[in-house]
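Please look over the model shown here before reading on. A short briefing follows it.

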Amino acid sequence: MRNAFADEMTKLAATDPRLVVLSGDIGNKLFDKFKAVDELRFYNCGIAEANMMGVAAGMALSGLRPFVYTITPFTTTRCFEQIRVDVCYHHAPVVIVGTGSGLSYSDLGPTHHSLEDMAILRTLPGMRVVAPCDASELRQVLHEVLKDNSPTYIRIGKKGEADIHEATPDLKLGKVLVIRTGIDVALFCAGNMMAETLKAADLLAQSGVFAEVVSFHTVKPLDTDYLTQAAKRFKLVVTVEEHSRIGGFGSAVAEWRMSQKHQITQVSFGTDDVFMHEVGTQAYARNKFGLTADNIASSILATLGK
Amino acid sequence: MMRTHDLAGLAKTASILRSRIIETSSKTGTPHLGSCLSCVDILTALYFDVLNIDPVNPKAPDRDRCILSKGHGAMGLFHVLAERGFYPLSDLDSYGQDGGVFAEHPPTPEHLAGIEAATGSLGHGLPLGLGMAMAGRIQGRRYKVYVVLGDGECNEGSVWEAAMLASAQHVSNLCVIVDFNKWQATGRSQEVMALDPLADKWKAFGWNAVEVDGHDFEELLGALDHFPGTNGRPTAIIAHTVKGKGVSFMEDDNNWHYRIPTADEVIQAKKDLGVLQ
C-alpha cells in the first residue's frame, strides 16, 4: 500500500499545488518521484513527530494540504496531543498517514505495533478515520480526502497486500463498499484483514452459510445508513480488524448497536488486551489473536449453532 | 535605513494595556497576571509597530503572523487586539462569562479575529509558526512569523524539535521572542530545568540569537529591526523581562502567577503605572 500511496501522491501533486508531504525520516527513496514534481513540497522532518504534526497544522492553516507520513505509532500515539490541539481543535485539513499499521511490523515488536490508533483518534472531534483494505481503495481515498477540509487519519499496511478490488471502486468516504452480498451473516472489515475475511466467507459458504462481506474503509463517520438496513437483514454481524478489540472498529459498531431497537448479535475479531512479548511474523501474530479465516469461520459457525 | 519608532507612544500604550489587564484580572478572577505583565511590552512592540496586519482584513494571505505560544498570557493579548482594533474594547465585558470566547487561553482563529493559533498547552506555538513560515516560502509569500514563548515553555521538547527543523530548513522568516521572566509556575526556570545559558542554546541550534531588555522598546525594536537576518537563519530574541512588570508589589513575585488583585490593589497598581492620579 505504501508504494500506491507514494505513486498516487505524486500524480496528485502534479496538479494540486497545495499538496505537501512531511515524512518522519522514513521512505526517503519512496518519494523520489514526488520530490521531482516539486522539491519544495517534500520535507524530511526528522525523528521529531510532535513538531512534524504542529508544522503540518501550521501549513494547513496557511492554505496548504499537508500529508504527514511515518510509522503508525509515531504518527498517532507519539504525538496525540499535537493531533488533538494543533490539528483537530483548529480543524486544520491535515492528512495523517500511518504506515505499517496493525501487526504489519509484527516482527519489530510492540514498539512498532499499532493496535490502539483507531481507538484514540476516533475520539477526537472532527477527525475522520479511514482504513482502506487495498491499494485501489487507498488511491481513491487520497482523492476523496482532498474534496473537503476535514482532518483525516488513514491507516495503511506496508507492502504486498492482496488486491481486493478487480476494478477501481467507486469509493465515497463514509459509505461502505459491499464486496460480496450475502444472506445469513454480515462480515464487516476495516482495513488490511479483508483478504482473510473473504477467505472466511468462502469457508462459511462451504458449510452453507452465505456471508455478506463489506469494506468499512471509513471507521469514522460510520455508514449508519448501511448499518440500519443491514440490521434488518442480519441477526448476526461480525467485525474484523487488525486492531485491539477495545475502542476500534468493532467498538464503533457496538456503540451504534446501542442506539438500535432491534436486537443484533455482534462478534468482534481483533487483538487481545495484551502486548505481544514473543517474536513472530504477521502471520504468527494474527494466528495468536485468532485473526485467521479458519478461526473467524469456525467461531461464526459456533455462534450460529452449526 | 532604520525605521524610526514612537518610543514614548508605545510606552504609554503599554501602561494603558497593563492597567486594563489588571482590571480584567480583578473583575473576572483570571490568573496569570504576572505572566501577562511580563510580555505586554513585547506584544505592544509587535502589534503597534512591527506587524504587517490589518484589523479590517485579519485573514489577508500576506499578513504577518504572530502566535502567543505562552497562551496563559491571553488576557494581555485580548487587550492588545482590542486596542489594535480587531474588536471593540467593550467586547471584553464578556470576559470569563459563560458562552463567550474570552477565557484564560486564546480560542481558535475561527472564533476570534486577530488570533493565529489557539494555544494554552505549551510547546505548540513554535511548530505551528514554523509550519506557517514554511508555507509562506512554498507559496512565494513574503510574510514573517513571530512566536512569543515563555521561558518555562522552553522546558518542552517540541520547542527544540522545531528549533532544529527551522535551522535545517533555513527558515529565515521565523522569529522567536522568549519572554524570559525567570519564573515558571512553581519556581525559578533556572532551578527547575537549568535553562541558562538560553541565548547560547538557541545559537547552538543554529539560530541568530540576541539578548535585550524586554521592557526597553528601543532595544526590543532594535533587535526586531535586524530580523530577518541576512545569513538565512531563523532569529531568536531573548527578552529579559520581569514577571509582574510595572506594578511595584507584583514585580518578580511569583505569587502573582495565580493571585487575583483586590479592588484596593488595582488602585495602587494604576498609581504605579501612572494611569491614575
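The notes below go from the whole of chain A to its parts.

This is a predicted model: local features need pLDDT of at least 70, side-chain atom pairs count only at pLDDT 80 or more, and totals for chains, interfaces and linings use all residues. Residues are numbered from 1 along each chain as its sequence is written, while chains are lettered from A and ligands numbered from 1 in the order in which they are written.

**Overall build**
- Chain A has 12 helices and 12 strands. Helices (H or I, at least four residues) and strands (E, at least two) are DSSP runs, numbered from the N terminus.
- The radius of gyration of chain A is 19 Å, close to the 19 Å that the globule rule gives for 306 residues, so chain A is as compact as a globular protein of that length. This radius is taken over C-alpha atoms, and the rule is 2.2 Å times the number of residues to the power 0.38.
- The C-alpha trace of chain A spans about 60 × 40 × 35 Å along its principal axes.
- Of the 306 residues in chain A, 53% are buried. Buried means that 20 or more other C-beta atoms, placed from the backbone, lie within 10 Å of the residue's own; exposed means 12 or fewer, and partly exposed is in between.

**Two domains**
- Chain A is divided into domain 1 (2–155) and domain 2 (177–303). The bounds come from an automatic or database domain assignment.
- Their centres, taken over C-alpha atoms, are separated by 26 Å.
- The contact takes 23 residues from domain 1 of chain A and 28 residues from domain 2 of chain A. Two residues are in contact if their C-beta atoms, placed from the backbone, lie within 7 Å.
- On the domain 1 side, β5(A) gives the most, with three residues.

**Helix α7 of chain A**
- Eight of the 11 residues of α7(A) (residues 135–145) are buried, so the helix is largely enclosed by the rest of the structure.
- Among the buried residues are A:Ala135, A:Leu138 and A:Val145.
- The cover over them includes α1 (2–15), β4 (95–99) and β9 of chain A.

**An open sheet**
- Five strands of chain A form an open sheet with mixed pairing, in the order β7-β9-β8-β11-β12. Two strands pair if DSSP finds at least two bridges between them.
- β7 (177–180) and β12 (265–271) of chain A stand at the edges with a single partner strand each, so one side of each lacks a neighbour in the sheet.
- β7(A) pairs with β9(A) (residues 211–215) in the antiparallel sense over three bridges. There, A:Leu177 stands opposite A:Ser215.
- Helix α12 (residues 293–303) of chain A lies across β8, β11 and β12 of chain A, at about 155° to β12(A). Axes are lines fitted to C-alpha atoms, for helices over the stretch in contact, and angles run from 0 to 180 degrees between N-to-C directions.

**Meeting chain B**
- In chain A, 25 residues are in contact with 21 residues of chain B.
- α3(A) gives the most to this side of chain A, with eight residues.
- A:Cys45 lies in the loop between β2 (42–44) and α3 of chain A. A:Cys45 counts as buried because it has 26 C-beta neighbours inside 10 Å.
- Beyond four places in sequence, the contacts of A:Cys45 include A:Leu22, A:Met52 and B:Leu165.
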